[in-house]
Amino acid sequence: MTSASDRPPQPVFKLSDLIYDTRYRSMTIQTVALILLMLFFAWLISNTVANLASLGKDFNFGFLDQRAGYDINQALIPYSSNDTHARAAVVGILNTLLVAVLGCVLATVLGVIAGVLRLSKNWLVAKLMTVYVEGFRNIPLLLWIIAIFALMTEATPSPRDFREGGVASMWLWESVAVSNRGVYIPAPVWLPGSWLVVTVFMLSIVGAIAYRRYARKVLYDTGRLLPMGWPSLAIVVLPALLIYFLMGMPISLDYPVLGGFNFGGGIQLRNSLIALWLALSLYTGAFIAEIVRAGILSVSKGQTEAAFALGMRPGRTMNLVILPQAMRVIVPPLISQYLNLTKNSSLALAVGYMDVRSTLGGITINQTGRELEGMLLLGLFYLLLSLLISGGMNFYNSRIKLKER
Amino acid sequence: MSDTHSEAESLLFVRNEMMPEREPPLAESGAFKWLRENMFSGWLNILLTILALLAIYVVLSEIVPWLWHSVWRADSLAQCREIRDATWGSDVASACFAVIADRWQQLIFGFYPSDLYWRPLLALAIFLLAVAPVLFPGLPRALLWFSAAAPFLMFFFLWGGSIWGPILVALGFAVGFAAYAIAGRFTGAGAALAVAVVAALIWWLFAAGPLTRDLSRIAPIGLTYIQSKDFGGFMLSFIIGISGIILSLPLGILLALGRQSDMFIINKISVGFIEIIRGVPLIVWLFTASLLLNYFLPPGTNFDLMLRVIIMVTLFAAAYIAEVVRGGLAALPRGQYEAADALGLDYTKSMRLIILPQALKISIPGIVNTFIGLFKDTTLVVFIGLLDPIGLSNSIRATTDWNGIYWELFVFIGLLFFICCFSMSRYSIYLERKLQREHR
């Protein structure tokens, strides 16, 4: 017979195949999406160009080199109003990072304590922690920031109350003063020779880590258990103390002293920083508490029982069995809470703390009229920060992930 | 024989009757046992209990007297102080809740005309009635038709203006549906959907505006128009929060599906959108909306700040919801996807019938948490000049009558937010329990 009829009919390409044929459909959808997206961006850009032209503005970042002309009341690096806008932005970035790092540390401490205590058998403590967690999770952060700021400025004594016979007194052996002008803490004074102490201290931390590695290696190789706690503490503390006294105590503290109507000496932590720090930490701590609780609950009870059956003591069970498994559940959401805290620090605006949003994204924009460039830089800074942190998190996740099929 | 038996009987003591039940020892029963086991079972526990009691005492000793000596009727803070001095003496801490009694209308409604308060209240009632059948499946399904109409009704009652605007916008959906039905006869579902979207867009962009104008001239039915700048207080938070919640869920699900997609460009667009939105704080986006949007839109356009905020909040929450839903999609075992393919379901059907119901169920806690976060974040609009409760509390404090009043306002605002957010989280727990299919 004819061989032509055996051959399957040659498919003829029809235009409707672009939608109905699964081979082409995804290409069609993607092309349409790409075209729409490009049209959208073209529309945005042409609008922006037209608007800028009609306002007589151009798009350049030259304003960053101009004199800023405004003061920043809390700066980690030397700054005066004669510096450039770029330096003001850097001061703001450092302030953001300062409150973010401080907040992450305190939030972790609070969160872990609250999370563990919420699982406590002690009814009263568990309920108290529930009240803390629910209270902070269900009330806006902004309200907490404003309330704590009001507490710091309205309910704390003014510096003159610290005078002899006044109603207020300093804390911790006359070294910390909590007043409505801010919290005054002792400042370290670095005399010549102090670098040696710091170097020795750093080196001994490295030494302690090395010792612990060595002890673990001995344990795994020979089964002999070297003491870890006391020796590593001694390695960290003793050499630094020795050098400290040998060099004639080169590091001392400058205590805040009341002079006239205000405190002199020491470091002044403004109420804006303290309020923002406390509010961010308490708020994020409540979320971290839930994460920690969920993490501990996620390790099944059989794991604990199995460890006990192997004859492990409770402390060791926690360290070697429960925590490694709980950490896998805890760490990813914990890091995203750190990210949230960092982004929430932009609420500094509410209390007048000079973070990057208030310098670069606030006063600089108002003074130079460069909204577009300023907001772009601000957005890029935050974006870069979160991409860095989430990149680190993804790396960690892929390292600790359980390997399945 | 019988003798010995009776002898033994008399010698042995065999109890013939039950002893009366006795109370357990005092330390092993009731409140004592509970206290001992739950609060004083070891030295650490005792320490924790004492610390907790101390903390509770410190907090309560500040708050309780302050609440107890509260003044509810006064015209200003100074008058509050006078009443306190007269009643309890000047060294007593006293709450001046008179500010709430005086200004609660402002904190709830902002500057909405006070003779029209029935309109937001009616809108709230419509909202509650509309949301009930969605939240609780036990209610009659016919109510869902009301839910579909509710957004237009609420818009009409809140802003007022001509009734024809909302009606014609709602008709756009009918136009789209009609186009879908007609085009569906000639082509397949995909093309019909495209035709429907285009038809609806044409209706909204070109037909709805002129028709509204003409119809309002012919039949001027409507309510007094209220400008957005008069909206404020909790009403504002509610409107922004609820619009954001309703709009962000579908968008977030679409973005999550886009991020899971194999199509390269769709995937990259979704990832880019999600990461850029999530990487930048909401407050920066709000400033973008208020400062920069005029650059991006055609010269001369100027639209409502509140609408801009709603759009920004929606986009922001959608990115977060997308990540939550993606987590749910990733948590489903691969077998579910493979089973859907093996049944021969196409992408839409497999998502609608198999994947999404399970994935969304897993993501409920995360989605509700995002909603709670969104609702709390509505307070940030104070920074771009909208008068949310916190903004109003600032302006109340700026008046001479109430200068220097803090805590009463904070307590009131915090309590209202707490009630809303806490009930949302309780509902999510209820829903989770109800949908749970294992370990019943």
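## Two-chain predicted model: folds, sheet and contact

A hairpin joins strand 1 of chain A to strand 2 of chain A through two residues. The model is predicted: local features need pLDDT of at least 70 and side-chain atom pairs count only at pLDDT 80 or more, whereas totals for chains, interfaces and linings use all residues. Residues are numbered from 1 along each chain as its sequence is written, with chains lettered from A and ligands numbered from 1 in the order in which they are written. Helices (H or I, at least four residues) and strands (E, at least two) are DSSP runs, numbered from the N terminus.

**Chain A as a whole**

- Chain A holds twelve helices and seven strands. With a radius of gyration of 30 Å, well over the 22 Å that the globule rule gives for 405 residues, chain A is more spread out than a compact globule. The radius is taken over C-alpha atoms, and the globule rule is 2.2 Å times the number of residues to the power 0.38.
- The C-alpha trace of chain A spans about 115 × 75 × 45 Å along its principal axes.
- Buried residues account for 30% of the 405 in chain A. A residue is buried if 20 or more other C-beta atoms lie within 10 Å of its own, exposed if 12 or fewer, and partly exposed in between, with C-beta atoms placed from the backbone.
- Of the contacts in chain A between residues at least 6 apart in sequence, 66% join residues at least 24 apart. Two residues are in contact if their C-beta atoms, placed from the backbone, lie within 7 Å.

**Chain B as a whole**

- Chain B comprises 17 helices and two strands. Its radius of gyration is 31 Å, well over the 22 Å from the globule rule for 440 residues, so chain B is more spread out than a compact globule.
- Taken along the principal axes, the C-alpha atoms of chain B fill a box of roughly 115 × 80 × 45 Å.
- In chain B, 30% of the 440 residues are buried.
- For contacts in chain B between residues at least 6 apart in sequence, the share joining residues at least 24 apart is 70%.

**The antiparallel sheet of chain A**

- An open sheet of three strands in chain A has the order 1-2-7, with antiparallel pairing. Strand 1 (177–179) and strand 7 (267–269) of chain A are the edge strands, each pairing on one side only. From one strand to the next the twist averages 20°. Axes are lines fitted to C-alpha atoms, for helices over the stretch in contact, and angles run from 0 to 180 degrees between N-to-C directions.
- Strands 1 and 2 of chain A run antiparallel and are joined by three bridges; here A:Ser179 stands opposite A:Gly182. Two strands pair if DSSP finds at least two bridges between them.
- Strand 2 (residues 182–185) of chain A also pairs with strand 7 of chain A, in the antiparallel sense and over three bridges. A:Ile185 faces A:Ile267 in strand 7 of chain A.

**The loop residue A:Leu191**

- A:Leu191 lies in the loop between strand 3 (187–190) and helix 6 (194–222) of chain A.
- A:Leu191 is exposed, because 11 other C-beta atoms lie within 10 Å.
- Not counting residues up to four places away in sequence, A:Leu191 touches A:Pro250 and A:Ile251.
- From A:Leu191 to A:Asn138 the separation is 53 residues in sequence and 49 Å in space, C-alpha to C-alpha.

**Two helices of chain B**

- Helix 8 (residues 164–186) of chain B has 23 residues, which should span 33 Å at 1.5 Å a residue, and its end C-alpha atoms are 33 Å apart, in agreement. The expected span is 1.5 Å times one less than the number of residues.
- The buried residues of helix 8 of chain B are B:Trp164, B:Gly165, B:Pro166, B:Leu168, B:Gly176 and B:Ala179. They pack against helix 7 (143–159), strand 1 (161–162) and helix 9 (189–218) of chain B.
- Helix 17 (residues 407–435) of chain B has 29 residues and reaches 41 Å from first C-alpha to last, close to the 42 Å expected.
- Buried residues in helix 17 of chain B are B:Glu408, B:Leu409, B:Phe410, B:Ile413, B:Phe417 and B:Cys421. Their cover includes helix 5 (141–154) of chain A, together with helix 5 (98–109), helix 15 (347–377) and helix 16 (389–398) of chain B.

**The contact between the chains**

- Chain A contributes 48 residues to the contact and chain B contributes 46 residues.
- On the side of chain A that touches chain B, the elements giving two or more residues are helix 1 (17–20), helix 2 (22–55), helix 4 (123–137), helix 5, helix 10 (314–344), helix 11 (356–368) and helix 12 (371–400) of chain A. Helix 2 of chain A gives the most to this side, with twelve residues.
- The residues on this side of chain A divide into 28 nonpolar, 14 polar and six charged. Ala, Val, Leu, Ile, Met, Phe, Trp, Tyr, Cys and Pro count as nonpolar, Asp, Glu, Lys and Arg as charged, and the others, Gly among them, as polar.
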